[in-house]
Amino acid sequence: MAEAPGSGRRSLYKAAGSPSWKEAFRQGCLERMRNSRDRLLNRYRQAGGGVPGSAQSTLLVHEVMEEEWSALRSVEGRPEVSAQLEEPVDLAVLEEIQQELADQERSIISEYEKSLQFDERCLSIILAEWEANPLICPVCTKSNLRVANGVVTCPCGLYLSNHFPELTEQKLRACIEDSVNAHSAHCPHTPEFSVTQATGERPTLLMSCLACDTWTAIL
């Protein structure tokens with residue numbers, strides 16, 4: 001019969017084991033937390049990026065400890081483990097493991113936030129360069145685009161033809177900036193640009209983002 005929600009955590013404070021068991025439990029919890037990075041960041045995003053600071057308000061720590069506890073209890077063919085689980089344990093040991101997991105959780109979130117900040121800075125630099133300089137090619141991000149008679153070219157090899165004859169550099173810049181801003185409104189990662197051409201179709205400038213799995217046709 002399955003244990004009621006929260007009973008696994010209560011069990012942690014009622015049983016325990018030898019020093020070797022404690023270390024095995026600690027290592028198992030840390031490994032489980034590392035493997036739960038995507039689950040943790042999904043919860044962090046769902047919480048709006050705000051995580052209360054107290055150890056009791058962590059996103060995944062208690063759940064990870066309960067999962068590892070259940071995994072140890074389900075081990076078959078190891079009577080020595082079962083015997084150890086019936087021995088009392090110092091509450092301080094579990095609190096120490098809990099604190100270590102909370103530190104690891106905060107470290108994962110901090111690393112993620114730094115990645116977002118880096119992407120935001122890159123996006124700001126790209127937008128600033130587009131506004132202050134001739135239109136930079138979004139594909140190579142090095143050379144200037146040239147727009148003439150509806151044809152878009154770049155020294156990197158980009159070539160888009162058969163578009164609207166009235167297309168200008170200003171209109172193309174506005175299309176790119178509008179697409180980038182629309183994307184940044186729901187995803188903090190920097191999108192990439194590429195040129196694709198289906199069989200029998202004209203080349204298309206695409207903006208894509210692997211992080212949010214979106215594709216947008218610019219031209």
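**Salt bridges, cysteines and strands**

Student: What does Glu100 count as in terms of relative accessibility?

Tutor: The classes are buried (under 20% relative accessible area), exposed (over 50%) and partly exposed in between, with a 1.4 Å probe and protein chains only. The relative accessibility of Glu100 is 25%, so Glu100 counts as partly exposed.

Student: What kind of model is this, and how are residues numbered?

Tutor: This is a predicted model, in which local features need pLDDT of at least 70 and side-chain atom pairs count only at pLDDT 80 or more, while totals for chains, interfaces and linings use all residues. Side-chain values use heavy atoms, without hydrogens and water, and residues are numbered along each chain as its sequence is written, from 1.

Student: How many salt bridges does a search of the whole structure find?

Tutor: A salt bridge needs a side-chain nitrogen of Lys or Arg within 4 Å of a carboxyl oxygen of Asp or Glu. By this rule, the search of the whole structure gives 10 salt bridges.

Student: Which helices hold Arg26 and Glu100?

Tutor: The two side chains form a salt bridge, at 2.7 Å from N to O. Helices (H or I, at least four residues) and strands (E, at least two) are DSSP runs, numbered from the N terminus. The pair links distant parts of the chain, 74 residues apart: Arg26 is in helix 2 (residues 19-35), and Glu100 is in helix 6 (residues 91-132).

Student: How many residues apart are Asp103 and Arg106?

Tutor: Their side chains meet in a salt bridge of 2.5 Å, N to O. Asp103 is partly exposed at 39%, and Arg106 is partly exposed at 37%. Both lie in helix 6, and about one turn of the helix separates them, a spacing of 3 residues.

Student: Why does the pair of Arg39 and Glu67 tie together parts of the chain, and how far apart are these in sequence?

Tutor: The side chains of Arg39 and Glu67 meet in a salt bridge of 3.1 Å, N to O. Arg39 belongs to helix 3 (residues 37-46) and Glu67 to helix 4 (residues 61-73), so the parts tied together are 28 residues apart.

Student: How many disulfides are there?

Tutor: A disulfide is a pair of cysteine sulfur atoms within 2.5 Å. The sulfur of Cys156 has its closest cysteine sulfur in Cys154, and the 3.4 Å between them is too far for a bond. The count of disulfides is 0.

Student: How many residues of strand 5 are buried?

Tutor: Thr204, Leu206 and Ser208 point one way from strand 5, and Leu205, Met207 and Cys209 point the other way; all are buried. Strand 5 (residues 204-209) is largely enclosed by the rest of the structure, because the number of buried residues is 6 of the 6.

Student: Which residue in strand 6 is the bridge partner of Met207?

Tutor: Strand 5 and strand 6 (residues 214-217) run antiparallel and are joined by 4 bridges. The partner of Met207 in strand 6 is Thr216.

Notes. Two strands pair if DSSP finds at least two bridges between them.
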